[in-house]
2 protein chains.
Amino acid sequence: MQSTMHTSVTTSSVPQPTVLVVGSGAVGGFYGAKLAQAGAHVSMVCRSDYQQVRSKGIQVTSVWGDFLFTPETVVRSVEDYLETPDYILVALKVLPEIDPVAMIRAAVHPETTIVLLQNGVEIETPVAEAFPANQVVSGLAFICVSRIGPAEVYHQDYGRLVIGRFPSGVSNQAQLLGDLFNAAGVACQVTHDVVTARWQKLVWNAPFNPVSVLGGGVDTAAILGCPASARLVRQVMEEVCRLARAVGHELPSTIIEKNLADTLTMKPYKTSMLLDYEARRPMEVEAILGNAVRVAHRESVPVPHLESLYGLLKLVDLRSSGTCSGP
Amino acid sequence: MQSTMHTSVTTSSVPQPTVLVVGSGAVGGFYGAKLAQAGAHVSMVCRSDYQQVRSKGIQVTSVWGDFLFTPETVVRSVEDYLETPDYILVALKVLPEIDPVAMIRAAVHPETTIVLLQNGVEIETPVAEAFPANQVVSGLAFICVSRIGPAEVYHQDYGRLVIGRFPSGVSNQAQLLGDLFNAAGVACQVTHDVVTARWQKLVWNAPFNPVSVLGGGVDTAAILGCPASARLVRQVMEEVCRLARAVGHELPSTIIEKNLADTLTMKPYKTSMLLDYEARRPMEVEAILGNAVRVAHRESVPVPHLESLYGLLKLVDLRSSGTCSGP
């Protein structure tokens, strides 16, 4: 089945592109499923869950309503996918041992838009450099979702998306994707400045994710309830704002107060990094802290609090995973 | 039995003062025992181990040779000690909930020298202010020693002391105490500048103690083996040196390199803070980090790495002990 998105003649009011999801974890499974609900032709690359997903699909248990998602095609690796995808949706963890370029290369055609639904800052660069002729759409997911078993995803809370053409600007491909998500009930904001949106998300992620792990496994309420750690959170946020400004992405002056106030009013929250740590999964230390620290060195911006968290998390990672790698 | 230290007539070549040890943990038990071996008349205030110590003394298992220490008097609280001690040896943990002034007041006579064998910086101030007429001797123990059961102390490694009159200078009382320790085989350096010695020890303690806990329970070799945390150690050491200079205690320019080199050559070492954390005992966060951070604020010296460790450790403490207290 070929995409109809590039033609003006279509049988449905919403075009139905082909989407290949790479990364069969909770994020890829959930958002792939939502795109399928909106009418897209969604296939999946599944390694560990291949048999289960192929035989019975992915069961999504969701606060928005449970449903079963049956991908059009399920393949073990991207080399086995023989169509030309309109979109490749990359929902891989950002880890030194995972090379997204190698994992998608075989399915990248000239007309393919590469969508990166991943955490961190400056994570687009390797993909954008490897495929200079392809459009890259960068995206941020604000969601609590986890894989609770083979081919089973549990969507616990939230779910909105912010996506945008990388490095900036508007595009039909980003807009169509946003329309599909919105049609499926996922609030998706299409921005012309997605890099700023990444720095904006880092204002929250850079302090709360590491501190939740390093503080001994604590939620947001505990972190903000202890004056010494609440001060640390604010100082890390200030460093992220300075860093964003240094690379040309000035953030709103109220962003820190707003983040702190919002966090105080939301129910106590365990960060995704803490959930990874507790489940003994690798943490996205490099995407969330390492890349920011490297930007700081490149731009000569002092970020001592960020560096402290980075040094400690690398050590925790060393103990959990037995390696102390990092770019 | 009254002390003979203030008389020139004595039956032994080494004067035999009376010493009251307050704090019946491993440090107090061990060094009290060594003073008794040198001939001092040593009594102990024991709360939890009172019955055991009174009936059978303290069993010291030591790399220097095992021995049994039988205090002259064992009391449940300082109020029950009716003699006039030449020395009160305070070997209490430095914790917000422990008030050394209240715990020794009843036994402090005009001629009593108060010896503080405790961790941290600026820990002498409350005692010196509460007893302005008494001499305070401040001391640092470089030792691996732990309480392995009621009235049982295990001396695993090291053991040297640095002591000196507080805030500075020489005194007969400090010298006599040093002579007693040396007579018992404890290498004890008597310094005229003990406050500088405290800052010097903090150069090692401020990074390694917190990082060993926050890094997920790691020893010195692991900390220095990971480039990101080794860098953090160095940055914390630099801040401690700047802080010491700001309060008039300039440290040798080679101290950081020497500390790092020495730590790399010694066998992998678990810090006392990590041992406390693993045993779910309270950690000396305020003595080792809190006081240093407060000095930094008072003197307007930026210490962002120290502050980061402090904020995180307070949070860990909150989780372990259920409080987030602190001066």
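Where is the place of A:Q118 in chain A? Hello everyone, let's begin right there. The residue A:Q118 sits in a loop of chain A, between β7, which covers 113–117, and α4, which covers 125–130. Before going on, please keep in mind that this is a predicted model.

So, is A:Q118 buried or exposed? With a relative accessibility of 7%, A:Q118 counts as buried, because buried means under 20% relative accessible area. Its side chain reaches the backbone oxygen of A:L92, at 2.9 Å. If we set aside the neighbours within four places in sequence, A:L92 is one of the residues in contact with A:Q118.

Let's step back into β7 itself. Here we find A:V115, in strand β7 of chain A. A:V115 has a relative accessible area of 1%, and therefore it is buried. Which residues is A:V115 in contact with, leaving aside its neighbours within four places in sequence? They are A:Y87, A:I88, A:L89, A:V90, A:V137 and A:L177. For a sense of distance along the chain, A:V115 and A:N291 are 176 residues apart in sequence, and their C-alpha atoms are 20 Å apart in space.

Now to A:T112. This residue lies in the loop between α3, residues 100–104, and β7 of chain A. At 1% relative accessibility, A:T112 counts as buried. Leaving out its neighbours within four places in sequence, A:T112 is in contact with A:P85, A:D86, A:Y87, A:I88, A:A107, A:N134 and A:Q135. Notice A:Y87 and A:I88 in that list; they are also in contact with A:V115.

Our next stop is a strand, β9 of chain A, residues 152–166, where A:D157 lies. How many residues apart in sequence are A:D157 and A:C144? They are 13 residues apart in sequence, and 5.0 Å apart in space from C-alpha to C-alpha. A:D157 also touches A:C144, along with A:V63, A:I143 and A:K267, not counting residues up to four places away in sequence.

Let me finish with helices. Two packed helices are described by the angle between their axes and the distance between the axes.

In chain A, take α8, residues 227–246, and α9, residues 255–265. They pack at an angle of about 140°, with axes 10 Å apart. The two helices, α8(A) and α9(A), are therefore oblique to each other, and their crossing is right-handed. Who meets whom here? From α8(A) come A:V233, A:R234, A:M237, A:E238 and A:C241, and from α9(A) come A:I255, A:I256, A:E257, A:N259 and A:L260. By class, that contact has six nonpolar residues, one polar and three charged.

Over in chain B, look at α6, residues 194–214, and α9, residues 255–265. Their axes come within 10 Å and cross at roughly 55°, which makes α6(B) oblique to α9(B). The crossing of α6(B) and α9(B) is right-handed. On the α6(B) side, the contact is made by B:Q200, B:V203, B:W204 and B:F208, and on the α9(B) side by B:I255, B:N259 and B:T263. This contact divides into four nonpolar residues, three polar ones and no charged ones.

Definitions and conventions
Residues are numbered from 1 along each chain as its sequence is written. Chains are lettered from A and ligands numbered from 1 in the order in which they are written. This is a predicted model: local features need pLDDT of at least 70, side-chain atom pairs count only at pLDDT 80 or more; totals for chains, interfaces and linings use all residues. Side-chain values use heavy atoms; hydrogens and water are left out. Axes are lines fitted to C-alpha atoms, for helices over the stretch in contact, and angles run from 0 to 180 degrees between N-to-C directions. Helices (H or I, at least four residues) and strands (E, at least two) are DSSP runs, numbered from the N terminus. Angles under 35 degrees count as roughly parallel, over 145 as roughly antiparallel, 65 to 115 as roughly perpendicular and the rest as oblique. A crossing is left-handed if the near helix is turned anticlockwise from the far one by less than a right angle, and right-handed if clockwise. Contact means heavy atoms within 4.5 Å. Ala, Val, Leu, Ile, Met, Phe, Trp, Tyr, Cys and Pro count as nonpolar, Asp, Glu, Lys and Arg as charged, and the others, Gly among them, as polar. Buried means under 20% relative accessible area, exposed over 50%, partly exposed in between (1.4 Å probe, protein chains only). A polar contact is a pair of N or O atoms within 3.5 Å; within protein, one must be able to donate a hydrogen and the other to accept it, and residues adjacent in sequence count only if both atoms are side-chain atoms.
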